[in-house]
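Here is a guided walk through one structure, taken a region at a time. Please keep the sequence and the 3D view open as you read.

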Amino acid sequence: MLTLDRPKATAPLAPVRPHAVIIGSGFGGLAAAVRLGARGYRVTVLEKLATPGGRAIVHRQDGFTFDAGPTIVTAPFLFEELWALCGRKMSDDVDLRPITPFYQIRFADGALFNVTADRAAMRAEVAKFNPADVAGYQRFMACSEAIYQTGFEKLGDVPFDTPMDMLRIAGDLVRLEGYRSVYGLVAKFFKDERLRTVFSFHPLLIGGSPFRATAVYCLISFLEQRFGVHFAMGGTGELVKGLCGLIARQGGAVRCKAEVSEILVDKGAAVGVRLASGETLQADIVVSNADSAWTYRKLLPPSQRRRWSDRKLDKAKYSMGLFVWYFGVDRRYDDVEHHTILLGPRYRALLRDIFERKILADDFSLYLHRPTATDPSLAPEGCDAFYVLSPVPNLEGGQDWSELAEGYRRKIADALEATVLPDLGRHIVTSRIATPQTFHDTLNSYRGAGFGLEPILTQSAWFRPHNRSEELRNLFLVGAGTHPGAGLPGVLSSAKVLDRIAPDVRVFNHA
Ligand SMILES: Cc1cc2nc3c(=O)[nH]c(=O)nc-3n(C[C@H](O)[C@H](O)[C@H](O)COP(=O)(O)OP(=O)(O)OC[C@H]3O[C@@H](n4cnc5c(N)ncnc54)[C@H](O)[C@@H]3O)c2cc1C
């Protein structure tokens, strides 16, 4: 539940509401806007693009609706809290439906593993691959729950401002073996290599390699099982629309086509922003939901930065890039689940190619989204909307995507046609592509990373750019590049951290 450590204030409410400017309208920015609006701030969200949502922007073309990014909604209570802050229920605006199976994992040899909330069904799935691992599965889920209780419930929405905050959790980190990688911890519980994959791939959902991300992310298995996997009817864009509606009801504003070019500083404090158009906006607090590396590198001059110097940002490790192909077909593939993960022949070696060698391999693993399995209204009648996502190196790999994209798309289309989408080539009626270059150019994503800074232990909690900026007073960060990290639960939690640390409106004297 929501607990707030708000600064005590004795002065009466300021007659003119203090102004919070939020840079970016990703889920982190929108959630921050709702929380600050509920605190009494006058909120202006400034978004570079023509429509809000950030990675969750919606593409509509040829009668198809494509959510650009997040599709798997976990921890729905984090959304529910935002509606509750406005005296409403999420169901007033959004029809969120549980999905089962959560996802189907398809191995290169055609073997299938359905992930669901049903423990007995899960034990049966595990037994299909290796009966001897059923006991390990039970122990793994107990371990995942313990990590969830500490990593998510206790630490997910608290600020990490000082090294002491990190020291405070050192014992928990050691006890929960957070120093291991996700794969390293999972391998303790499962002997079968395929089961190790099933229970360790989750960091890829937030931009990390299972072989490098801290084992704290093993909490995702429990989180999914406890709260389910959901889909918003009409698409994830309905959640974006719902949050923008809450902001409007609070009297806040979401301004699109309003790119911020500079955070304005006076005597060590953020005091406003300058837009690319030259317009300036005064602010009592500035919250950046833009990529954290981009925020520091491009919006604050080096002279204003002590911790996040260009050198430190250059040396940091960034999450993988994403190649996403959105396509519509003039038929339905009714035996394809809403969420399918198609694993290629290699796991560890492929991830090494992506994260360490930064080469574009010939093989790939894919996530296939078929939202029309749940909501046929997202495509014309009798049609299916899809997107397929392939983790690829970020722009540090030096790939020229203007040259590579079409060939890579065709290779993926062939792989899908040979497996789950027979005759695909004959049925495509609409298509669009996003590459790491797109992420860089449209979303201001540093190095074209799909999820901001990579989620490794040495870039987590206090080691990540802080929610309360280390550089300026009255500058705050929310979103994937700050604590706790990427993914919808992560960025919504970052707004909860902000709620704890943003000044009470009564400390501003605008009388
Ligand atoms: C393809 C894909 C699939 C995903 N699938 C899932 C999933 O199924 N489930 C899940 O939980 N997570 C998923 N994720 C991760 C999740 O979508 C992200 O971590 C999350 O949405 C990021 O939110 P954010 O608050 O960090 O903001 P972002 O979505 O990154 O938005 C930041 C916004 O800031 C704007 N901006 C940047 N610079 C400026 C500027 N100077 N001025 C004004 N505006 C600016 C950008 O235009 C953008 O709109 C997925 C991500 C991708 C890319």
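## A loop residue and a helix residue

Asp 95 sits in the loop that runs between helix H2 (77-85) and strand S5 (96-98). As the model is a predicted one, everything said here describes computed coordinates. Is Asp 95 buried, exposed or partly exposed? With a relative accessible area of 35%, Asp 95 is partly exposed, because buried would need a value under 20% and exposed one over 50%. Along the chain, Asp 95 and Gly 235 are 140 residues apart, while in space their C-alpha atoms are 9.7 Å apart.

Leu 223 belongs to helix H8, which covers residues 219-227. Leu 223 counts as buried, because its relative accessibility is 3%. Between Leu 223 and Gln 104 there are 119 residues of separation in sequence and 17 Å in space, taken from C-alpha to C-alpha.

## A histidine and its polar contacts

Now turn to His 338, found in the loop between strand S14 (321-329) and strand S15 (339-342). This histidine is buried, its relative accessible area being 4%.

Which side chains make polar contacts with the side chain of His 338? One is the side chain of His 369, at 3.0 Å. Another is the side chain of Thr 374, at 2.5 Å.

## The sheet of five strands

Next comes an open sheet of 5 strands, whose order is S9-S2-S1-S13-S19 and whose pairing is parallel.

S2 and S9 run parallel and are joined by 3 bridges, and here Val 45 stands opposite Val 254 in S9. Strand S1 (residues 19-23) also runs parallel to S2, with 5 bridges joining the two. In this pairing, His 19 stands opposite Arg 42 in S2. Of the 5 residues of S2, 4 are buried, so S2 is largely enclosed by the rest of the structure.

## The sheet of three strands

A further open sheet has 3 strands in the order S10-S11-S12, and its pairing is antiparallel. The edges are held by strand S10 (260-266) and strand S12 (280-282); each has a single partner strand, so one side of each lacks a neighbour in the sheet. From one strand to the next, the twist averages 30 degrees.

S10 and strand S11 (residues 269-275) run antiparallel and are joined by 6 bridges. Among the facing residues, Val 265 stands opposite Ala 270 in S11, and Ile 263 stands opposite Val 273 in S11. The hairpin of S10 and S11 has 2 residues between the strands, and there Lys 267 takes a positive phi near 50 degrees. As you look along these strands, keep in mind that side chains in a regular strand alternate between the two faces of the sheet.

## Around the ligand

Finally, the ligand. How many residues surround the ligand? There are 37 of them, and the closest are Gly 28, Glu 47, Arg 55, Ile 72 and Asn 289. By type, the shell divides into 21 nonpolar, 12 polar and 4 charged residues. Helix H1 (27-38), strand S17 (384-392), helix H15 (436-443) and helix H16 (488-501) each supply at least two residues of this shell, and H16 gives the most, with 3 residues.

Several backbone atoms face oxygen atoms of the ligand. A polar backbone atom of Gly 28 is 2.7 Å from a ligand oxygen, and a polar backbone atom of Ile 72 is 2.8 Å from a ligand oxygen. For Ala 480, a backbone N or O atom lies 2.8 Å from an oxygen atom of the ligand. On its own the ligand has 1,000 Å² of accessible area, and the protein covers 96% of that.

Terms used. Residues numbered from 1 in each chain as written. Predicted model: local features only at pLDDT ≥ 70, side-chain atom pairs only at ≥ 80, totals over all residues. Heavy atoms only, no water. Near = heavy atom within 4 Å. Polar contact = N/O pair within 3.5 Å; in protein donor to acceptor, adjacent residues only side chain to side chain. Areas by Shrake-Rupley, 256 points an atom, 1.4 Å probe, with all protein chains shown as cover. Nonpolar A, V, L, I, M, F, W, Y, C, P; charged D, E, K, R; others polar. Pairing = 2+ DSSP bridges. Axes fitted to C-alpha atoms, helices over the stretch in contact; angles between N-to-C directions. Buried < 20%, exposed > 50% of the residue type's maximum accessible area, 1.4 Å probe, protein only.
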